[in-house]
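Welcome! Let us walk through this structure together, one part at a time.

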Amino acid sequence: MSRIKIGLVGAGPWANRVHAPSIAAHPRTELAGVWARRDEAAQWVAEANGGQVFGSLEELYASVDAVTFAVPPQVQAEHALAAVRAGRHVILEKPIAASLENAERLVKAIEAAGVASLVMLTRRFADETRNWLAAIGEREDWQGGTATWLSGALLGGEYRDSAWRHERGALDDIGPHVLDLVDAALGPITEVRAAQHTADGLWQLLLGHRGGRTSTVTLSLHVPVRPSRLKFTAIGPAGASSLEGRETPAPDSFAMLLDEFTTMLDAGETRHACDARRGLHLQRLLAEARDRAGS
């Protein structure tokens, strides 16, 4: 089968470390080229991974089968909307937009165009996560759970100067990963019952799930820990089951995403558990959490 030509929008650390090399290395995909706001950054990523630099987004969209985005959410929503309207399949970062309104507009366009979409929910494309979720699914008597993700990403390292992460905080950056996994483990989240955040970036949520289950979530990008501390626990009368840490590196997760993305395109499928509709569900929860917290 022919390789799928993918264009990359963005040339920051995440694009350079995950998107570009994963696409270039995958047996079914080709990095057709890169567009970024800074030409020199695009040139560096393209040359390192065998792609070309596109002079405009329109040129990129006209030359590819699909587009992957590694840009801030407010930029992604605008550019992805144009890609979808050009008939291109899309791989989106989380959150899929900076506002619920823009997320709804994007998903509506994806459905109207009949294109495929996936959201890079890194944890969901990892074997250890899928094994844990499968084990959780073998029982129906879970009563609730807890989730914690503590990171020092905004205190130092490659994302310390990320303007959108400083502005939107842990809720929008790591929140989609956590909400997605809690939702997948314990059933659909139907409401954010309570939410609060501190001046130094600590978020805590109380969630209600379909069937009466509840869960709590704690998030921060301002805790001086290395590596990040991640723990998800389902609790029930038979005990507790936890998923801790992160075994699968992000590039390997992206490779699994590409496996499933190319399978979707081969089969003409547009739906997936982690498609843009999932991203919209998570966007609604982010908006509700901010509303509950008065943020």
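Contact here means heavy atoms within 4.5 Å. Keep that in mind for W132, which touches L181, A185, F232, A234, S241, S242 and L243, leaving aside residues up to four places away in sequence. Before going further, please note that this is a predicted model, in which local features need pLDDT of at least 70 and side-chain atom pairs count only at pLDDT 80 or more, while totals for chains, interfaces and linings use all residues. Residues are numbered from 1 along each chain as its sequence is written, and side-chain values use heavy atoms, with hydrogens and water left out.

Let us stay with W132 for a moment. You will find W132 in helix α6 (residues 127-136); helices (H or I, at least four residues) and strands (E, at least two) are DSSP runs, numbered from the N terminus. Is W132 buried or exposed? W132 has a relative accessible area of 8%, so it counts as buried (under 20%; exposed is over 50%, partly exposed in between, with a 1.4 Å probe and protein chains only). From W132 to H197 there are 65 residues in sequence and 29 Å in space, C-alpha to C-alpha.

Now turn to the sheet. Six strands form an open sheet in the order β3-β2-β1-β4-β5-β6, with parallel pairing; two strands pair if DSSP finds at least two bridges between them. At the edges stand β3 (52-53) and β6 (117-119), each with a single partner strand, so one side of each is left without a neighbour in the sheet.

Five of the six residues of β1 are buried. Six bridges join β1 to the parallel strand β2 (residues 29-35), and I6 has L31 in β2 as its bridge partner. With strand β4 (residues 66-69), β1 pairs in the parallel sense over four bridges. There, L8 is partnered by T68 and V9 by F69.

Helix α4 (residues 73-85) lies across β1, β2, β4 and β5 (89-92), running at about 175° to β4. Helix α9 (residues 250-267) packs on the sheet as well, touching β1, β2, β4, β5 and β6, and its direction makes about 160° with that of β5. For these angles, axes are lines fitted to C-alpha atoms, for helices over the stretch in contact, and angles run from 0 to 180 degrees between N-to-C directions.
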